[in-house]
Amino acid sequence: MAGKSGKGKGKGGKKIESSGRVQYTMRIVESSTCAACKQQCARGLRYLERMSQPGALGKGVPCILTRRKLT
């Protein structure tokens with residue numbers, strides 16, 4: 001009985017069901033990437049404008065052009 005702790009044993013448990021909705025992921029890009037982009041989107045141009053102000057701090061913006069499906 002000393003070997004039966006019950007932790008991590010067996011294959012039973014709850015299964016996560018898919019909701020049928022596809023999830024996507026996008027890369028976070030900086031304003032320099034948005035400035036050099038050939039297909040500038042509205043979100044990137046707004047971010048580029050915001051970052052051109054003096055003292056602006058930013059952590060990037062999700063780029064729709066890098067959208068990928070999660071598998």
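Q: What makes Thr25, Met26 and Arg27 contacts of Thr66?
A: Contact means heavy atoms within 4.5 Å. Leaving aside neighbours within four places in sequence, Thr66 is in contact with Thr25, Met26 and Arg27. This is a predicted model, where local features need pLDDT of at least 70, side-chain atom pairs count only at pLDDT 80 or more, and totals for chains, interfaces and linings use all residues. Residues are numbered from 1 along each chain as its sequence is written, and side-chain values use heavy atoms, with hydrogens and water left out.

Q: Where is Thr66 found?
A: Thr66 sits in the loop between strand E3 (61-62) and strand E4 (68-69). Strands (E, at least two residues) and helices (H or I, at least four) are DSSP runs, numbered from the N terminus.

Q: Why is Leu48 called partly exposed?
A: Buried means under 20% relative accessible area, exposed over 50%, and partly exposed in between (1.4 Å probe, protein chains only). Leu48 has 25%, so Leu48 is partly exposed. Leu48 belongs to helix H2 (residues 42-51). Not counting residues up to four places away in sequence, Leu48 touches Ser31 and Ala35.

Q: How do you know that the buried residues of H2 lie on the same side?
A: Gly44, Tyr47 and Met51 are buried in H2. They cover an arc of only 65 degrees around the axis (taken from the directions from the helix axis to the C-beta atoms). Therefore they are on the same side of H2.

Q: What covers the buried residues of H2?
A: The cover includes strand E2 (28-29), helix H1 (31-36) and E3. On the other side of H2, Ala42, Arg46, Glu49 and Arg50 are exposed.
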